[in-house]
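Dear colleague,

I am handing over the structure below, for you to read alongside these notes.

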Amino acid sequence: MLAIYKREMRAYFTTPIGYVFAAIFLAFSAAVFTYTTLYALSSDTTDYFTIMLFSFIILLPLLTMKTLSEERKMKTEQLLLTSPVSLTGMVCAKFLAAFTVFFGCMLLTSLNFIILYTHSEPNTAIILGNLAALILVGMAFLSIGLFVSSLTESQLAASVITVAILLVLLVIGFAGNLIGAPWLRFLLSGLSVFSRFQNFTNGVFDIAALVYYVSLTAVFLFLTVRVYDRRRFA
Amino acid sequence: MIQVEHLTKSYGSHYALSDVSFAIKEGEVVGFLGPNGAGKSTTMNILTGCLSSNSGTVRVNGADILKDPAEAKRQIGYLPEQPPLYTDMTVEEYLGFVYDLKRCTLPKKEHITEICETVRIADVRRRLIRNLSKGYRQRVGIAQALVGNPPVLIFDEPTVGLDPKQIIEVRNLLRTLGKTHTVILSTHILPEVQAICDRLLIISEGHIVADKPTEELTRVIRDSRRYRLKVAGPQKEVLGLLRGIPGILRAEAQAERDGESSFTIESAAGTDVRGPLFFALAERGWPVYGLEAVHTDLEDVFLQLVEHGGELPAEPAAKPRRK
């Protein structure tokens, strides 16, 4: 499992994808940060975090789109499947590698806040809570991306489908608001990633949301393992 | 070493394998032979744990591939049809990765160096796999299978797409490996099997149709009793004469050109008809311009096996019809 993790990390940084991801991620977050706080002369980070959340729809599929689809296309998955590594180990290693890159970028973007602290007194609890929430959301998104990537040989299809799924997950909460039936509204906002996230932007550390994101991740990692299992039995 | 029992695999209603059983002893080099789509790759994928079967068991050195996959997989080095290479790595990095992946315990550097020397890729160790030629890639694929010194090696069509020189090199390599390993080799190239394997498993449409030592097949080929004959004489009369000679089972006229007729004849087992044939023709004053033995090649035998469900005919290539 460690071997796969290491290879995966290496692959991110010997191919352009890791650098491209990091560059876009950092540049975008810095720009958003500048506009929402520095230019707006505000220490309120709500907009920053919300915009970052939406940018994940486009950004995170970049990390996962080729993780499994490429293996399938190049037939290298046969090496992994015939080695003494469990499917779960393989999927988790891939997930952890993507998560590491994402987490590293998140750490780097956190440097943005130093500027904020030199000029004002922002609410540290809110910032930490939001960062934690973003990381949790990212985790869930990566597992969805990984799952989609296991379904197709095409990187492009994997990324487009992932974007679509993430978009739906984010906006079903808004759709809920337009619908009259209270039970449906409740259901949709319950499923929506965004409505969960809002609690964090308001400074509430929501345990239910934590459970939601972690279980979303677990479910999709489990499904990815199942995809491989099922393909073996197909 | 390898026990396969009642393996069945279906894709929907199509049976890729039905009730396949065989056993392979330690140290054997077995050729797995069959036309395209016969189920070779499916069998290999099941043996190596890539695919699972609908029913049946596979045991490698006592370890069941489904119940104890890690142990069974540790025993096997597998080269799939397309070598599973990460083209963005150098040969050395790649083998190092495979080494870690298989959780080997041998001293890493020495082990990899040794493998590189065995398959002769030491000179490209630091090059990116992407930049290697097909022959080298294939050898890196073989190197990958050797990592961890597994006692069983499984190769799926290892010489496909190589040029003749590379084919010979890969075959020599396989022969060397066969001395120290149990090898299963799938191919549809018959001379390859003849050159390397001790035993043949022939598979057709998901069934094992023959399981024989290679010698038995080569013997059939060697003992061909078919001849091609050229005689300067009138075709019909010569044919009549030929059919009258005792020991000739079958004679057929082929062509007549410039008073020269050619025939194919087939003799009965255990008789050499060449002498009587010569004298009979000489007596009538029809000179023999040519007499050569026609070799039944492995291709013929193979086709017959596939068509006749595995029984080697007592008389090779004896066709039922008579002209």
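Predicted model: local features only at pLDDT ≥ 70, side-chain atom pairs only at ≥ 80, totals over all residues.

Two strands count as paired if DSSP finds at least two bridges between them.

Eight bridges join β12(B) to β13(B), residues 260-267, and the two strands run antiparallel. Within this pair, B:A251 stands opposite B:I265 of β13(B). Both strands belong to an open sheet of four strands in chain B, in the order β12-β13-β11-β14, with antiparallel pairing. Its edge strands are β12 (248-257) and β14 (288-294) of chain B, each of which pairs on one side only. From one strand to the next, the twist averages 20°.

A helix packs on this sheet: α9 of chain B, residues 235-244, touches β11 (226-232), β12 and β13 of chain B. The direction of this helix makes about 165° with that of β12(B).

The axes of α9 (residues 155-178) and α10 (residues 182-191) of chain A come within 7 Å and cross at roughly 160°. Angles over 145 degrees count as roughly antiparallel, and α9(A) and α10(A) are therefore roughly antiparallel to each other. The crossing in which α9(A) passes α10(A) is left-handed. On the α9(A) side, the contact is made by A:L169, A:I172, A:G173, A:A175, A:G176 and A:N177; on the α10(A) side, by A:R185, A:L188, A:S189 and A:L191. Sorted by class, the residues of this contact are five nonpolar, four polar and one charged.

Regards

How values were computed
Residues numbered from 1 in each chain as written. Chains lettered and ligands numbered in written order. Heavy atoms only, no water. Axes fitted to C-alpha atoms, helices over the stretch in contact; angles between N-to-C directions. Parallel < 35°, antiparallel > 145°, perpendicular 65-115°, else oblique. Left-handed = near helix turned anticlockwise from the far one by under 90°. Contact = heavy atoms within 4.5 Å. Nonpolar A, V, L, I, M, F, W, Y, C, P; charged D, E, K, R; others polar.
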